[in-house]
Amino acid sequence: MTINRRNFFKAVGVTGAALVAGKKLKAEPKPKDRIEFSGVLYDSTRCAGCQTCESSCAEANGLPAPVDKIEAGVVRTTDESHRTVVNAFNSSKGEVYLKKQCMHCNEPACAAACLTQAMYKTKEGAVIWRGEKCMGCRYCMVSCPFDSPKFEYHSSNPKIEKCTMCYSRLTEGKVPACVENCPAGALVFGKRRDLIKEARKRIVENPGQYVDHIYGEHEAGGTGFIYLSAVPFEELGLNTSIQTKSYPELSKGFLYSVPAIFVLWPAILLGIREATKNNHSNVEGNE
Amino acid sequence: MSNSNYVIAKDNDGRSILKFLAGELKPRGKFFTPFNIISIPIMILGLVLIVIRFWKGLGSITNLTQEVPWGLWIGFDVVTGVAFAGGAYVLTFMVYILNMQKYHSIVRITVLNGFLAYVFYAGALLLDLGRPWNVINPIIGNNFGTSSVLFLVAWHFLLYMIAQLIEFSPAVAEWLGARRARKILSGMTIAAVIFGITLSTLHQSGLGALYLMAKDKIHPLWYSEFIPVLFFVSSVFAGLSMVIFEGSISNKVFSDQISDKNQKSHDSIVIGLSKICSVAMFAYFFLQVLVFVHGKRWDLLRTPMGYWYLLEMFGFVLLPMLLFFYSYRRSNIFMIKVAAVLTMLGVILNRLNVTVIGFRWDAAIRYIPTWMELAVTLAVIFTEIWIFRWVINRMPVLRESPEWVKDKE
């Protein structure tokens, strides 16, 4: 009935196991395969709203071709059969277009949220979904600050749909379908670091044409897709109050406290139990 | 172990274990009770709805949207249900760690209640999973998502269910007449209790931590970095209010099983719990005030959501806290029960405010659960009560352990 050696070691063993399991907290690649993240620069001042990206995305990913046309002021959203959409906004500088898709965060909330690593930040920078691991809990959707992952609510074998930066094309050495087919040159694929430089260059060389802000450089800890615009981003329906810390940072404190509690709690509980035991030794033996 | 079969045989008129179990499975007592008449149709309906859900997808019976992917089944069944199941870890802490033996007579029923709550409410999670066949992935190590709070919560649910089963297992052994098994199992109780309390601390707060990354989606009056602490502290009085509430019903329904001694001590137990509840609620209220002041949220109070927040804080935290304290001083059992019900309503309100009502409060299309989601939830609750009743009518949970247990001591 009392805490014997065996029970004590059992508790210690479990605690130790929890410590080991709780160690790796960040979705970070191992140092040896650390390569530069790729990304896409989207320059909304060049975008003509032709929707070619939408149709080429649908074609490349085997999704139904988009049917609805762009209309200024009508906000279309990505859903389980549309991984990217372009919307038109009546802004202070007239009609402006904005493409939306998964932002491919540097430290994605969805991947940190995923308990099976189905949502996964590849070393190339694309955030992908792996169906054979996913259990469909939709915690990625709860966590994503951009509401990127979409769920097939009307399927008995539902998938999570979102832009994967055409990861399978990337592995073949090709660029994402939307980038390849954009006739206006609004989309550029490259290493994220180079894209930031390119974006800065455009802002510096064309004063007055751009607002002095690269959306995605710092938002949510930095994203793979980065945006340039002629008008403030809030006019384009983007969340500009988004935090610049990464989202997994928000639950890090809690996760770090787990191993500590796992070590301290049993010890404290045993201590209290020993301290209060003498008063009631006569009732020992009751389970 | 050949004698364990022998013991069962002797204890039950020489029948084999299979016959004994078959006999125990049969319903007892009157069948057409009001509870049965209400619960059976709802359970059948729930079963039909669950079949439709797995056949046609989640969207066929739920109102979940791309913006609000977690609805009633997570917000109420899992998050609220687990808070109510918190009584088990609080009571085992009081009895086995603090040695407050006064509460020993209600440990078994509370642990049983907690165990079944976890089995059913965490089980309700399976209904919500889009791809439930992959649910073993985080368990078998097919890629551990250790950076996920949900990974932690899932493992803790599983381990805590095992811990609670061990805590309850002596009652099963007494029912089966397995004397040696009982001895071994009751020797494991303390380890299970300590492990269980540690796990509970972490996953009660973990359920709140799940929502930490949804920073921009939850109404600021309910979102703070302290959600885990608030969830943990409120699970103490949520669980104990449930113990008071469930105890007052069990005492009537199963009065034939409770010994006179325990029947008499029940009032003093309830009064003791009332005091603990009021202290825990004071701590919780104080924390909430700190979070509110720290977050500088005064301007939000004069909005509809602000009034809603004030109603929760004053009507369902402060008021029941004062009621608990007042009735504890006056030994007023009836008012304690009123306070317990108010507290439970407050906990439901709080959990739903974080998970459903305040989640995407600004969305153009609000999520409102369908009647079918409600029906499935009710079916889950009724099934749990059925199993609960089945166990209590057969195992020594409320009634005294068989004589042979005492003989040994």
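1. A helix axis here is a line fitted to the C-alpha atoms over the stretch in contact, and angles run from 0 to 180 degrees between N-to-C directions. Helices (H or I, at least four residues) and strands (E, at least two) are DSSP runs, numbered from the N terminus. With that in hand, welcome to the structure. This is a predicted model, in which local features need pLDDT of at least 70 and side-chain atom pairs count only at pLDDT 80 or more, while totals for chains, interfaces and linings use all residues. Residues are numbered from 1 along each chain as its sequence is written, and chains are lettered from A and ligands numbered from 1 in the order in which they are written.

2. Along the principal axes, the C-alpha atoms of chain B fill a box of roughly 70 × 55 × 45 Å. The radius of gyration of chain B is 22 Å, which agrees with the value near 22 Å for a compact globule of 409 residues (taken over C-alpha atoms; the globule rule is 2.2 Å times the number of residues to the power 0.38).

3. Next, look at where the chains meet. The contact takes 66 residues from chain A and 57 residues from chain B (two residues are in contact if their C-beta atoms, placed from the backbone, lie within 7 Å). On the side of chain B that touches chain A, at least two residues each come from helix 3 (34–56), helix 5 (87–97), helix 7 (137–140), helix 8 (149–176), helix 9 (179–187) and helix 10 (189–209) of chain B. Helix 10 of chain B gives the most to this side, with 10 residues. By class, the residues of this side of chain B are 30 nonpolar, 21 polar and six charged (Ala, Val, Leu, Ile, Met, Phe, Trp, Tyr, Cys and Pro count as nonpolar, Asp, Glu, Lys and Arg as charged, and the others, Gly among them, as polar).

4. Now for helix 8 and helix 9 of chain B. Their axes come within 8 Å and cross at roughly 165°, so helix 8 of chain B and helix 9 of chain B are roughly antiparallel to each other (angles under 35 degrees count as roughly parallel, over 145 as roughly antiparallel, 65 to 115 as roughly perpendicular and the rest as oblique). Helix 8 of chain B passes helix 9 of chain B in a left-handed crossing (the near helix is turned anticlockwise from the far one by less than a right angle; clockwise is right-handed). The residues that make this contact include B:Ile166 and B:Pro170 of helix 8 of chain B and B:Ala181 and B:Leu185 of helix 9 of chain B. The contact has five nonpolar, two polar and two charged residues.

5. Helix 5 and helix 10 of chain B are worth a look too. Their axes come within 9 Å and cross at roughly 135°, and these helices of chain B are therefore oblique to each other. The crossing is left-handed. B:Tyr89, B:Thr92, B:Phe93 and B:Tyr96 in helix 5 of chain B meet residues of helix 10 of chain B, among them B:Val193 and B:Gly196.

6. Finally, turn to chain A and its open sheet. Three strands form this sheet in the order 8-1-9, with mixed pairing (two strands pair if DSSP finds at least two bridges between them). Strand 8 (187–191) and strand 9 (225–228) of chain A are the edge strands, each pairing on one side only. Strand 1 (residues 38–43) of chain A pairs with strand 8 of chain A in the antiparallel sense over five bridges, and A:Val40 stands opposite A:Phe189 in strand 8 of chain A. Helix 7 (residues 192–205) of chain A lies across strand 1, strand 8 and strand 9 of chain A, running at about 130° to strand 8 of chain A.
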